[in-house]
Amino acid sequence: MSKKDANINKDLQHWLRGEANLSQERQLDQQAKDDPFLAEALEGYRQFPAGDHAKTAKRLRQKINR
């Protein structure tokens, strides 16, 4: 994982936990303009804010690792 990807991952985790400030959220939105996967992830999270995204992501990682 590149440093850029690690930073996006960290910022996204902060945002999901509600710990990101407005500046960090804007930065994620800016990065999403150049990253279709991140853009889709943000869109999905925003469509279903009450979902258990951490649990869903964990299941997805487990499937990928199999």
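## Basis

In this predicted model, local features need pLDDT of at least 70 and side-chain atom pairs count only at pLDDT 80 or more, while totals for chains, interfaces and linings use all residues. Residues are numbered from 1 along each chain as its sequence is written, and side-chain values use heavy atoms, leaving out hydrogens and water.

## Overall fold

The protein has four helices and zero strands. Helices are DSSP runs of H or I with at least four residues; strands are runs of E with at least two. Along the sequence the pattern reads α-α-α-α.

Of the 66 residues, 17% are buried. Buried means under 20% relative accessible area, exposed over 50%, and partly exposed in between, with a 1.4 Å probe and protein chains only.

## Helix α2

Helix α2 spans residues 22-32. Its buried residues are Leu28, Gln31 and Ala32. Seen down the axis of α2, they fall within an arc of 105 degrees, so they line one face of the helix. That arc is taken from the directions from the helix axis to the C-beta atoms. Leu22, Ser23 and Arg26 are exposed on the other side of α2.

Glutamate 43 sits in helix α3, residues 36-47. Glutamate 43 counts as partly exposed because its relative accessibility is 47%. Glutamate 43 and alanine 32 are 11 residues apart in sequence and 9.9 Å apart in space, C-alpha to C-alpha.

Lysine 63 belongs to helix α4, residues 53-65. Lysine 63 counts as exposed because its relative accessibility is 59%.
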